[in-house]
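User: I am new to this structure and would like to understand the terms used to describe it. Please set each value against its definition.

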Amino acid sequence: MVDGSWSIGTENFDQIRQFLYTLVDSFDISPDHVRVGLVQYSTIPLTEFKLNTFQTKKGILEYIKNLPYRGGGTNTGKGLDFMLNNHFVEVAGSRAEQNVPQIAVVITDGKSQDEVELHAEKLRNKRIILYAIGIKDADEDELKQIANRPHSQHVHSVSDFTALQGISQNIVQTLCTTVEEVKRQLLQMSQECAKASMADIVFLVDGSSSIGLANFQQVRLFLRSVILGLDIGPDKVRVGLAQFSTEPHKEFLLKEYLEAPSLLTAIDKFPYRTGGTQTGKAIDFLISQYFTEEAGSRASQRVPQIAVVITDGDSTDNVEEPAQRLRQQGVIVFAIGVGKVNLEELENIANQPSQRFLFTIDNFQALQKLTGGLLQTVCVSMEDQRQELFVEIYQLNMSDLECRTHSAFLFLSALAEKFADIFFLLDGGITPAQFQQVKTFLTRLSNQLNFGASAHRLGLAQYGQNVQLEFLLNQHQTKEEIQAAVKRFQHLRLSSTEPRNLGAALAYASNNFFTKAAGSRADQGYRQFLVVLSGKDSSDPVFKESRLIKSAGITVVGIGLGASMEELRVVATTPYIYQVQAITVPVLKRIFISEEPETFLTGG
């Protein structure tokens, strides 16, 4: 959304055109990838083109080259409302309902003549991420009212219009990092929830007066985000909702909304009740009114039963005994505490261990960031219960064969570990000492991880000017074969003057290493990892290729053996960025098994 008011001037508006051209030219534009729309605002906002107007990058660039300068006043608030109602809608090409990240970039040079904060809040409430770019005399406080938090990431200021070009690549990188992070979270959620396809989940939401209407809206958005990550259906995941204050209120039962659209409509419309905080009474209310067959619970069919309690304060009644009764009924209880909560009380509510079932955040605005973590944990819990039932049945059958203990142990061991396809891409020009360090590392990893055709799979290649393949993911079928291949692995020994084309190597890896023919099991839900070990900065551009490989669902782990942290941050999937001295086999092992970061570097 571009400021076209008279204060810009014809010459400066040309700088905006160049800036937009550079931005768009950096994106992978197509109907199935990045879509771009443009609004110019002054006294009134105008649509230049919508998200679905152009199918190719060429058409957008041609339009931008001839973008007219409209002139007028500066009504930024009106422009924000116009963008929300006319551009971030399905008919204009928005793919919000498909969980595609929604991003708005506002470029302005002055203070708005109308109010902006409430209009910006409406966009954020629709899960649209807002960036603000202020030029010259732009009002810093107003930019912060427009943009998402943290402002250090979402607000950018330049001293004059000529400085716009200087921040263009930084803006592109920031936008792409945002997209990749959202997609990584969604991919991680979908992977965790793929097998966990059946559960009864009841949300118990604090509606006391201490919450406030604005914060209650954040709770509503959070519930919406979680539901969008679940596979809703009568024979899949069912969701119920209760609200509590002085008294508990039945919003809707598990049996009422069995399809996602109707469920989301109910979430959008349920009222804010206000009152006191009687959490214990509300938990007993769940037992008697929600987790029953009449209310739609499928506990008798051994479907996982889950309760999620969201509160911001101390209960005025006892919670320990009601929560214990709920857990004894076989319900898994999650607790989310917002602000200055009573931690001991939350621990009494939630299942153990607390680090898995208890979440605390500073404020309601942080709820959105919790969505991925909660969904992943909920889905893992659903799958754990499913596996426990499966093991129980298996054990009962095996008891007739008098070998239950040993077989169940082997069965549990197979269930416990989640496998992945792991490819190492090594800079062929690192020093002999560094190569020996990497080889020792790979040897230890092959000893400690469960490798094989039906377990983890390993691939290996080196890169310089070109890529040298050592072995593909499906080349070695046993752990012993992989250990022998690592032992035979020889260093390329490139000279320091030879180019390191990491960009080309990433493209090659995406097209040749992570395919079904090469042994990738991505279509079966196995996680895909590329571990890049870089000894120096690339001789060719890495930005576009790193974006493409990550957008294909491949998690890139970056390990520096001399390359700059700045380039590693572009190449790697946040937060998997390490210097070689900080990486250990247990750290990588944890990433591959659980995809949880153990440690990462943020410094330069």
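User: Why is Arg 70 called partly exposed?

Analyst: In this predicted model, Arg 70 has a relative accessible area of 36%. Partly exposed covers the range between the buried limit of 20% and the exposed limit of 50%, so Arg 70 counts as partly exposed.

User: What makes the contact between Glu 48 and Arg 70 a salt bridge?

Analyst: The closest N and O atoms of Glu 48 and Arg 70 are 2.9 Å apart. A salt bridge requires a side-chain nitrogen of Lys or Arg within 4 Å of a carboxyl oxygen of Asp or Glu, and therefore the pair qualifies. Glu 48 belongs to strand 3, whereas Arg 70 sits in the loop between helix 2 and helix 3, so the bridge ties together parts that are 22 residues apart in sequence.

User: Is Glu 48 buried or exposed, and how do you know?

Analyst: The relative accessible area of Glu 48 is 7%. Buried means under 20%, so Glu 48 is buried.

User: How do you know that Lys 57 and Asp 25 form a salt bridge?

Analyst: Their closest N and O atoms lie 3.9 Å apart, and the cut-off is within 4 Å. The pair therefore meets the definition. It links distant parts of the chain, with Lys 57 in helix 2 and Asp 25 in helix 1, 32 residues apart. Lys 57, at 22% relative accessibility, is partly exposed, and Asp 25, at 40%, is partly exposed as well.

User: How many salt bridges does the structure hold?

Analyst: The structure holds 16 salt bridges.

User: Which residues of helix 11 are buried, and why are they said to line one face?

Analyst: Pro 322, Ala 323 and Leu 326 are buried in helix 11. Viewed down the helix axis, the buried residues fall within an arc of 95°, so they line one face of the helix. They pack against helix 10, strand 10, strand 11 and helix 12.

Methods:
Residues numbered from 1 in each chain as written. Predicted model: local features only at pLDDT ≥ 70, side-chain atom pairs only at ≥ 80, totals over all residues. Heavy atoms only, no water. Helix = DSSP H or I, 4+ residues; strand = E, 2+ residues; numbered from the N terminus. Buried < 20%, exposed > 50% of the residue type's maximum accessible area, 1.4 Å probe, protein only. Arc of directions from axis to C-beta. Contact = heavy atoms within 4.5 Å.
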